[in-house]
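Here's a quick tour for anyone opening this one up for the first time. We'll go through some charged pairs, then a pocket, then a pair of packed helices.

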Amino acid sequence: MSDTSAALPPRASSRVLRSLRHNPSAIAGAAIILPIVILALLAPVLPIPSPDATSWTAIRKAPSALHWLGTDELGRDILSRMIWGARASLLAGVVSIAIALVTGVPLGILAGYFGGWVDMAISRVTEALLALPFLIMAIALAAFLGPSLTNAMIAIGLSAMPVMIRLTRGQVMAVKAEDYVEGARAIGLNHLEIMSRYVFPNIVPPIIVQATLTIATAIIAEASLSFLGLGQQAPAPSWGAMLNTAKNFLTQAPTYALFPGVAIFLTVVGFNLLGDGLRDALDPREQ
């Protein structure tokens with residue numbers, strides 16, 4: 001039996017890329033996300049003011065040639081804080097989902113592959129966690145761990161873990177019934193070899209799609225926690241914290257709330273569109 005029976009075809013990756021290039025949803029999502037990611041990565045070298053630099057002579061100024069998006073209640077440049085806030089939001093989204101994947105995928109594989117009491121124990125705990133609303137669970141964990149961006153990412157990651165466990169378990173249960181897995185058992189491969197060489201490669205595509213879609217949820221969760229004071233702490237910029245401050249100046253400076261709100265909206269829409277495009281590209285029925 002060849003390992004290629006369990007993995008993607010040799011040119012599967014090129015077909016996926018070709019499908020993504022012709023997928024309007026994926027193109028739109030990438031067009032939204034890439035500029036935000038590039039700005040966030042280049043924030044330290046961009047010719048913009050420090051996000052923490054205050055000016056008592058430029059408090060709540062309207063957009064101008066000097067401050068393209070205006071200034072906040074302490075005279076800080078909003079554009080600079082928006083760009084640096086993107087770093088916090090994207091970092092929270094990626095790290096949180098990485099935590100969910102590292103903790104949830106192995107548990108889902110164990111539950112789906114072995115079944116029996118292992119599946120029962122993991123599934124019952126997962127169902128109990130899924131009974132709690134995602135954001136409520138994230139807020140509770142963040143409040144327990146303490147207010148900081150690191151603790152917020154841990155809280156969001158652990159809150160997203162049950163979804164990853166359930167998805168992985170279902171995919172593994174479908175894959176382990178395939179003929180090539182039965183053949184691997186027949187030739188005497190141990191459980192670890194079967195899971196790593198035959199099961200895991202075949203459950204990666206749906207996990208990638210779910211992870212991409214969940215990044216959008218994690219970004220909203222990070223903004224919510226920062227809005228409540230449980231995420232990024234002042235004076236470090238965060239879109240959620242900026243919205244929290246802006247709510248006090250809606251009549252004097254309405255644009256202050258507009259910019260971070262639009263940024264959160266566009267980023268979430270971008271990841272959702274990209275996730276939809278990935279789902280279409282990785283769907284075997286579309287190949």
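A salt bridge here is a side-chain nitrogen of Lys or Arg within 4 Å of a carboxyl oxygen of Asp or Glu. Keep in mind that you're looking at a predicted model. By that salt-bridge rule, the count comes to eight.

- Buried means under 20% relative accessible area, so R81, at 5% relative accessibility, counts as buried.
- D52 has a relative accessibility of 37%, so it counts as partly exposed.
- R81 also has a salt bridge with D72, this time at 3.8 Å, N to O.
- Both R81 and D72 are buried.

- R279 pairs up with D276, and their closest N and O atoms are 2.6 Å apart.
- These two are three residues apart in helix α10, so about one helical turn separates them.
- R279 counts as partly exposed because its relative accessibility is 43%.
- D276 is partly exposed too, with a relative accessible area of 27%.
- Elsewhere, salt bridges with shared partners join D52, D72, E73, R76 and R81 into one network.

**The second largest pocket**

- The second largest pocket has a volume of about 280 Å³.
- Its lining is made up of 14 residues, and I36, L39, M82, W239 and A263 are the ones that lie nearest the centre.
- The elements giving two or more residues to this lining are α2 (24–42), α3 (78–114) and α10 (254–282).
- What classes of residue line the second largest pocket? The lining has 14 nonpolar residues, with no polar and no charged ones.

**How α3 and α6 pack**

- Two packed helices are described by the angle between their axes and the distance between the axes.
- For α3 and helix α6 (residues 149–175), the axes come within 5 Å and cross at roughly 35°.
- Is the crossing of α3 and α6 left-handed or right-handed? The crossing is right-handed.
- The residues in the contact of α3 with α6 split into 24 nonpolar, seven polar and one charged.

Methods: Residues numbered from 1 in each chain as written. Predicted model: local features only at pLDDT ≥ 70, side-chain atom pairs only at ≥ 80, totals over all residues. Heavy atoms only, no water. 1 Å grid on protein atoms, 1.4 Å probe; cavity = no way out; pocket = protein on both sides within 12 Å on 5 of 7 lines; lining within 4 Å. Points joined across faces, edges and corners; volume = space filled by probe spheres on them. Helix = DSSP H or I, 4+ residues; strand = E, 2+ residues; numbered from the N terminus. Nonpolar A, V, L, I, M, F, W, Y, C, P; charged D, E, K, R; others polar. Axes fitted to C-alpha atoms, helices over the stretch in contact; angles between N-to-C directions. Left-handed = near helix turned anticlockwise from the far one by under 90°. Buried < 20%, exposed > 50% of the residue type's maximum accessible area, 1.4 Å probe, protein only.
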